[in-house]
Amino acid sequence: MFDGYDSCSEDTSSSSSSEESEEEVAPLPSNLPIIKNNGQVYTYPDGKSGMATCEMCGMVGVRDAFYSKTKRFCSVSCSRSYSSNSKKASILARLQGKPPTKKAKVLQKQPLVAKLAAYAQYQATLQNQAKTKAAVSMEGFSWGNYINSNSFIAAPVTCFKHAPMGTCWGDISENVRLEVPNTDCSLPTKVFWIAGIVKLAGYNALLRYEGFENDSGLDFWCNICGSDIHPVGWCAASGKPLVPPRTIQHKYTNWKAFLVKRLTGAKTLPPDFSQKVSESMQYPFKPCMRVEVVDKRHLCRTRVAVVESVIGGRLRLVYEESEDRTDDFWCHMHSPLIHHIGWSRSIGHRFKRSDITKKQDGHFDTPPHLFAKVKEVDQSGEWFKEGMKLEAIDPLNLSTICVATIRKVLADGFLMIGIDGSEAADGSDWFCYHATSPSIFPVGFCEINMIELTPPRGYTKLPFKWFDYLRETGSIAAPVKLFNKDVPNHGFRVGMKLEAVDLMEPRLICVATVTRIIHRLLRIHFDGWEEEYDQWVDCESPDLYPVGWCQLTGYQLQPPASQSSRENQSASSKQKKKAKSQQYKGHKKKRKMPIGKKPVSLSSLPMTGGVRRSFSGDEELTPPPYRTLPAQTAPEAFPPPSTSREFSPSLKTVTTLQLKEELLDGEDYNFLQGASDQESNGSANFYIKQEP
C-alpha cells in the first residue's frame, strides 16, 4: 500500500538501515537550479528532451548519464537494489490486502526530494511567468463556500435513487480515507497523498490531508466521484508516488510508520468504486430515439419527439416537426411525461399526429422497457369516475394544490384531470396523472396537513369548505382508498440543500432547499427567489439531484438569484404587465429569471382559457361534456424576461461543503391528527372530513 510513498522518500544510497530511515530530515534548499547525479552536475534544459527517471529511486536526470543500455537506473546501486528492496513495499501493501507487485518501488529519504524539488522549482518559475501573462479571473458559485458560510446541510446521495451511485453509495461517511492528488507539492509530476473526509455534501466532500490533525489550513473540496479520487492502496497498485504535503513534510521522521499507524482499521472506498461510478453513468437512452412526450403547448395531448442529447440521464427532446430543431423539451429519462411510441393510442390519450409521414433516416423507436414503469391497478371494482372531485398539484403553477376534477378515465389507471375554475372550454389544459401519482390527493388532504388549498377561480364563499362545494356542484369526492398512500423512507429533512429542476423552466437546474415535508411530498424553494416560485415535488422525483450532480455530469447549475437581478426583473415585469390585456392565459405563474438566462418552458407557452383551440391531427377532437363553473375575469400572466441568453449545458467549476447529516429514526404519522411538516417517514392515512 505504501509502495508509492516509498518511491519519493528515501536516499538513492544502497544502504537501507533502520537508523538511516529515521534520521532527521534536512530542510529543502530554497533555490537550486541544478541536480547532482553521481558527483556530476547537470543543468536542466527548458524542456524534457533528453531526460530520464530512475525506476529505483525516482531521480530525474540527463538520460545520457544514466546506467545500463536501457537507461532505467541512475546508478549501479539502484540497479542492484531494485529487485530486493521492492519486497519491502510489497509486504506493506499486504497490510491493506493488496497483492505484491513486481514494479513496487522502495523508500527514498529526503535528500532526493530536495533534489527533485530543485527541478520542480525551476519548472514552476517558468510556468508562473506564463500564467502571469495570461491570468484570467474566474468567478462562479461555490457550493462549499455557500454551505460553509451559512452552516447548511445537504441531502445525502442515498435520497436520490435515480442519480449516479444512488443505490450503491454504501456507508461513505466522515473519516473515510482516500488517495487524492497532493496540491501542496512542487514536484514536476502529479503525486498523491492520503486524505480523510471531514464533511460530506452530496457527491462532494471536505478533505484534510493526513498529518494535519486539527489544522484546517489546507482543507479542500472535491467530488468523490471524480477521476482523481481513489481508495487507499490504489497508488501502490498503480505505481504512483505518495508524497507528504510540503507544509508538514518535517513533522514526522518516519512517514511510513505514521501511515501504518493511522490507516490500520480505517475505512476507505471499495476497490471497484470508480467502476461503479462509470457504470451508474451509462444511460440506455441514445440520440435519435423517438418517444411520445407531452405537448408543452397543449397539456392534454402528446407528440412525437426525438432524443437530441443525453446529459446525466436528462434528455433534450426535439419535437419531430421542428425544422430548425429549436422546439425542444427537457426532462429526465424516468419522467412520467415521456412514453414509448404507441402509448397514447393504447390508453386512449389524445395524440397529435405528425406531419412527417415516415421516420427520418437514423431515427428509431425507443424500446418500451426503457421507460419508467407504473404500478398496475385493478379498474374492475370500485374506481375513479368522471366528475369526481379531488385535490391536485397544478402543473402550471407547482406552488399550489388546487381543487380539481376527474374529466376522463383512461386505460391502465391513467386519469385526465382539470383544475376547477381555470379550464379551457375545449379541455386543452387538462393533464394526465396516473391513479398512483403522488401529485393527486383525496378531498381534505390540504386541510389536514395545514396546506393552503387554492379554491376554484371566482369562487366567493371563503374560506373554502369542501362539504359546501360538493353540495353546490352536486359532485362526490373520489374514494380515499383509491389514492397512493405509500410513504418511503426517503431520508430528506427540512433545510437540506440540493440541486433541483425548475419545472416551469425544465432546462434549468437550480440551487434549492427543502422547506417543508408532508410525508412524501416536498416543498422545494429556489434559493434567492420569492416563495411564490416554490414547487411541490415528490420525494422520488427524478428532477431532484444531490449537491454536486451538475459538476459530475457537466450540466450548468443556476446559482441563487441576487437581489439586484430579482429587482430588475420585477420592475421589467411590472412595466410590461400594464400593457397586457386582461385575457386569462392559464392558471400559472411565470418564473422570473435572472438577467442573462433564457427561459424555455412549459409555462412560457400560451394556455389560453375560454378560447377554442384547433386540434388538427388529434385522434380525439372533442372532449366529453362536463359541468363548468361560470367564467371569471382572470389576472394577466407574467410577461417573459426582457433579456435572454442561449443556455449551454457546460460544466461550471464548483466546490462543495457538507455539514454533518442528521439522520432521524422514522415515525408513524396519522393524517387524522392534523399534523403537518412531518420531518420523518412512515405510514399515512387519508380521510374525508365530514360536516353536517
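Here are some notes on the predicted model, point by point.

1. **Ground rules.** This is a predicted model, so to speak of local features pLDDT has to be at least 70, and side-chain atom pairs count only at pLDDT 80 or more, while totals for chains, interfaces and linings use all residues. Residues are numbered from 1 along each chain as its sequence is written, and side-chain values use heavy atoms, with hydrogens and water left out.

2. **The overall picture.** The protein has 13 helices and 29 strands; these are DSSP runs numbered from the N terminus, with helices being H or I of at least four residues and strands being E of at least two. Of its 692 residues, 53% count as buried. Here buried means under 20% relative accessible area, exposed means over 50%, and partly exposed is in between (1.4 Å probe, protein chains only). The accessible surface comes to about 31500 Å², and carbon and sulfur atoms account for 51% of that (Shrake-Rupley method, 1.4 Å probe; for residues, only the protein chains shown count as cover). Take the contacts (heavy atoms within 4.5 Å) between residues at least 6 apart in sequence: 68% of them join residues at least 24 apart.

3. **Strand β13.** Have a look at residues 314-319. Six of the six residues in β13 are buried, so the strand is largely enclosed by the rest of the structure. Arg314, Arg316 and Val318 point one way, while Leu315, Leu317 and Tyr319 point the other way. Note that the buried set includes two arginines, Arg314 and Arg316.

4. **The neighbours of β13.** Strand β12 (residues 298-311) runs antiparallel to β13 and is joined to it by six bridges; strands pair if DSSP finds at least two bridges between them. Val306 stands opposite Val318 in this pairing. The two strands form a hairpin with two residues between them, and Gly312 in the turn has a positive phi of about 60 degrees. β13 also pairs with β14 (residues 328-332), again in the antiparallel sense, over five bridges. There, Leu315 stands opposite Cys331.

5. **Helix α5.** Which residues of α5 (residues 143-150) are buried? They are Trp143, Gly144, Tyr146 and Ile147. These residues cover an arc of only 165 degrees around the axis, which puts them on the same side of α5 (the arc is that of the directions from the helix axis to the C-beta atoms). Asn145 and Ser149, on the other side, are exposed. The cover over the buried residues includes β7 (192-201), β24 (496-501) and β25 (509-518), among others.

6. **A buried arginine.** Arg407 sits in strand β19 (residues 397-409). Its relative accessibility is 7%, so Arg407 counts as buried. The side chains of Arg407 and Glu423 are joined by a polar contact of 2.6 Å. A polar contact is a pair of N or O atoms within 3.5 Å; within protein, one must be able to donate a hydrogen and the other to accept it, and residues adjacent in sequence count only if both atoms are side-chain atoms.

7. **Backbone spots to check by eye.** Most residues other than glycine have a negative phi, and most peptide bonds are trans. Ser151, in the loop between α5 and β5, has a positive phi of about 55 degrees although it is not a glycine. Ser151 counts as exposed, at 53% relative accessibility. Asn175 has a positive phi near 80 degrees and is found in the loop between β5 and β6 (177-181). Asn175 is exposed, with a relative accessible area of 54%. Finally, a cis peptide bond joins Leu462 and Pro463, with omega about 0 degrees; Pro463 lies in the loop between β23 (453-454) and α11 (466-473).
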